[in-house]
Amino acid sequence: FENYKSAFEFGFYKYNKNDKININAFRNIIGCAVDNSETDWLERFAEDYISELHEEYRDNMKSYTLAYVNFERKNFEEALKCISNIKYDLFLFKIDIKNLMVRIYFELQYYEQAISALDAMKHYISNTKELSEKFKLSEASFIRYTGELLKARTKGNKIDVTYFNRILSEEKNLSSRKWLLEKISEL
């Protein structure tokens, strides 16, 4: 994250001033900012640099960024509205948005929708050829552990919090680790 911040602070993020920012790089910066709880920075970054994306991606990335900003600020309904504006023209959006929707539904206590979205994620990662195996493993772990959280919330299943904290901390491939650890600690 600090490398990304420095690249933009010192203008090292593109070769010449007419270049556009790569959409995958923009997506990665969003993820790093969220992982580092840099929501205010992320919002300023998007405002300052969204115009440096190819025009065809700007509206999508604005909605995508705002979905994450609103989620981090616990404005879950607003995050859902932002998601509804996103076109899935980048294959990574499909899994990113499904993951975010599961977390939003969980936060809003829309457990049936969360279970349905988890199921959609599971089918997507098992059938797609667009994602690497490592990425699929990361999302499969998220699905497994979020499923356990949902069972604890909806069916009263007991979770050994100490065990889960250790497992989640040690898991090599795990999407949304910070959020999962936060939800486990709330139990």
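Me: Does N60 count as buried or exposed?
Reply: N60 counts as buried, at 5% relative accessibility. Buried means under 20% relative accessible area, exposed over 50% and partly exposed in between, with a 1.4 Å probe and protein chains only.

Me: Where do these coordinates come from?
Reply: This is a predicted model, in which local features need pLDDT of at least 70 and side-chain atom pairs count only at pLDDT 80 or more, while totals for chains, interfaces and linings use all residues. Residues are numbered from 1 along each chain as its sequence is written, and side-chain values use heavy atoms, with hydrogens and water left out.

Me: What is the average pLDDT of the chain?
Reply: The average is 90, and 99% of the residues score at least 70. The pLDDT is the predictor's confidence in each residue, from 0 to 100.

Me: And which elements have the lowest and the highest mean pLDDT?
Reply: Helix α1 (residues 2–9) has the lowest mean, 80, and helix α5 (residues 76–84) the highest, 97. Where pLDDT is low, the predicted coordinates should not be read in detail.

Me: Back to N60: which helix is it in, and what does it touch?
Reply: N60 belongs to helix α4. Not counting residues up to four places away in sequence, N60 touches N85, I86, K87, D89 and F93. A contact here means heavy atoms within 4.5 Å.

Me: How many helices and strands are there?
Reply: The chain has 10 helices and zero strands. Helices (H or I, at least four residues) and strands (E, at least two) are DSSP runs, numbered from the N terminus.

Me: Why call the chain as compact as a globular protein of that length?
Reply: Its radius of gyration is 17 Å, close to the 16 Å that the globule rule gives for 187 residues, so the chain is as compact as a globular protein of that length. The radius is taken over C-alpha atoms, and the rule is 2.2 Å times the number of residues to the power 0.38. Along its principal axes, the C-alpha trace spans about 55 × 30 × 30 Å.

Me: What share of the residues is buried, and what share of the contacts joins residues 24 or more positions apart?
Reply: Of the 187 residues, 46% count as buried. Residues 24 or more positions apart account for 65% of the contacts with a separation of 6 or more.

Me: What about A79: where is it, and what is it in contact with?
Reply: A79 is placed in helix α5 and counts as buried, at 0% relative accessibility. Leaving aside neighbours within four places in sequence, A79 is in contact with A67, N70, F71 and I104. A79 and V69 are 10 residues apart in sequence and 7.8 Å apart in space, C-alpha to C-alpha.

Me: Now the backbone. What is the phi of K74, and what is that of S176?
Reply: K74 has a positive phi of about 65 degrees although it is not a glycine, and S176, not a glycine either, has a positive phi of about 60 degrees. Most residues other than glycine have a negative phi.

Me: Where are K74 and S176 found?
Reply: K74 is in the loop between α4 (55–72) and α5. S176 is in the loop between α9 (161–170) and α10 (177–186), and is buried, with a relative accessible area of 18%.

Me: Last one: is S126 buried or exposed?
Reply: S126 is exposed, with a relative accessible area of 53%. S126 lies in helix α7 (residues 111–127). The C-alpha atoms of S126 and R27, 99 residues apart along the chain, are separated by 23 Å.
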